[in-house]
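Here are some friendly notes to read alongside the structure. Please keep the sequence and the model in view as you go through the points.

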Amino acid sequence: MGLYIEARIRADPDDLWTRTQDPAQHQRWDLRFTEIAHLPREQGEPQRFRYATRVLPFVTVAGTGVSAGERERPDGTRVSALRFASPHPLSLLAEGSGYWRYVPDGDGVRFLTGYDYRPRWGVLGSLADRLVFRPLMGWATAWSFDRLRLWLERGITPERALRNWLAELAVRVVAVSVACAGLGQESFLRLLGPFAASAAYLLPLLLSVVVCLALLKSPLSCTPAARRCLRTPPARARGPHLLRTLDGPR
């Protein structure tokens, strides 16, 4: 089953196009890639590109792709299709195809993508893809789309957005850790003297509230969040129409 991500971005369509089609800008906001660069081409040839992702400090997985076509419709909708592949033995992703679609929508743009790929490593690879890699790719794509939205709508650079996300994540982790540690801290209750009995009932409740808030509270408005993106295609995008788009614009 292919992946689908959609975000509504209040921005000029040309600005959105530039920040997604220019490799230097694309690699700044897309968490899936460390490097993207166009490859040389002759006049009339499709545009090829190289992408790379650093999976470990000294391990980079690279691949190549080709823009299969671009099309702008009379209503202002734009479509960009591509195919990609990686020969790297450590890349679970062997080959795939996808599209980006830009649909004008009032004062903004519905920016959406659909893509699918074939995993390698046989049965083991298919299992790892279904359980871990594909959900992770879906989350990373949605998180990146919201990071792009913050850049275009609020001027929060991708680098600053990442720092915001890491800082908020650290606060949540510390809050959960402190709360969990406090649940089993009997020495703290002894310090309360005659109030220890009452605190023994209230403290677990308060700490449980802290844990729930840390885990479930909505992200700050300046922090990228995958949950802000649509992860299931609308009914009008299902079926043969979506499959045709994955094959490239016609």
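1. Let us begin with one residue. W121 is partly exposed, at a relative accessible area of 42%; buried here means under 20% relative accessible area, exposed over 50%, and partly exposed in between, with a 1.4 Å probe and protein chains only. W121 sits in the loop that joins β7 (108-119) to α3. Although W121 is not a glycine, its phi is positive, at about 75 degrees.

2. A word on the model itself. This is a predicted model, in which local features need pLDDT of at least 70 and side-chain atom pairs count only at pLDDT 80 or more, while totals for chains, interfaces and linings use all residues. Residues are numbered from 1 along each chain as its sequence is written, and side-chain values use heavy atoms, with hydrogens and water left out.

3. Now the overall layout. The protein has seven helices and seven strands; these are DSSP runs numbered from the N terminus, with helices being H or I of at least four residues and strands being E of at least two. Read from the N terminus, the order of elements is β-α-α-β-β-β-β-β-β-α-α-α-α-α.

4. Next, burial and surface. Of the 250 residues in the protein, 41% count as buried. The protein exposes about 14,300 Å², and 62% of this is supplied by carbon and sulfur atoms; the areas come from the Shrake-Rupley method with a 1.4 Å probe, and for residues only the protein chains shown count as cover.

5. Contacts along the chain deserve a look too. Among contacts in the protein with a separation of 6 or more, 58% are accounted for by residues 24 or more positions apart. Contact means heavy atoms within 4.5 Å.

6. Where does helix α3 bend? Helix α3 covers residues 122-154 and bends by about 55 degrees at D129; the bend is the angle between axes fitted to the seven residues ending at a residue and the seven starting there. Just after α3 comes G155, with a positive phi of about 75 degrees.

7. S126 also belongs to helix α3. S126 counts as partly exposed, because its relative accessibility is 31%. Leaving out neighbours within four places in sequence, S126 is in contact with P119 and R120. S126 and L92 are 34 residues apart along the chain, and their C-alpha atoms are separated by 9.0 Å.

8. Which residues lie nearest the centre of the largest pocket? They are R32, F33, Y51, T53 and M137, out of 42 residues that line the pocket. A pocket is found on a 1 Å grid over the protein atoms alone, as an open set of points where a 1.4 Å probe fits, with protein on both sides within 12 Å along at least five of seven lines; lining residues have an atom within 4 Å of a point. About 1,000 Å³ of space lies in this largest pocket, counted as the space filled by probe spheres set on grid points joined across faces, edges and corners.

9. Helix α3 gives the largest share of that lining, with six residues. Sorted by class, the lining has 24 nonpolar, 13 polar and five charged residues. Here Ala, Val, Leu, Ile, Met, Phe, Trp, Tyr, Cys and Pro are nonpolar, Asp, Glu, Lys and Arg are charged, and the others, Gly among them, are polar.

10. Y51, one of the residues nearest the pocket centre, lies in strand β3 (residues 48-56). Is Y51 buried or exposed? Y51 is buried, because its relative accessible area is 10%. Beyond four places in sequence, the contacts of Y51 include F33, E35, A62 and L93.

11. A62 is in strand β4 (residues 59-72) and counts as buried, at 17% relative accessibility. A62 touches Y51 as well as R50, A52, S86, P87 and H88, not counting residues up to four places away in sequence. Between the C-alpha atoms of A62 and A52, 10 residues apart along the chain, the separation is 4.1 Å.

12. Lastly, R228 is found in the loop between α6 (196-216) and α7 (240-246). R228 counts as partly exposed, at 33% relative accessibility. R228 and A7 are 221 residues apart in sequence, yet 7.5 Å apart in space, C-alpha to C-alpha. Setting aside neighbours within four places in sequence, the contacts of R228 include D146 and R149.
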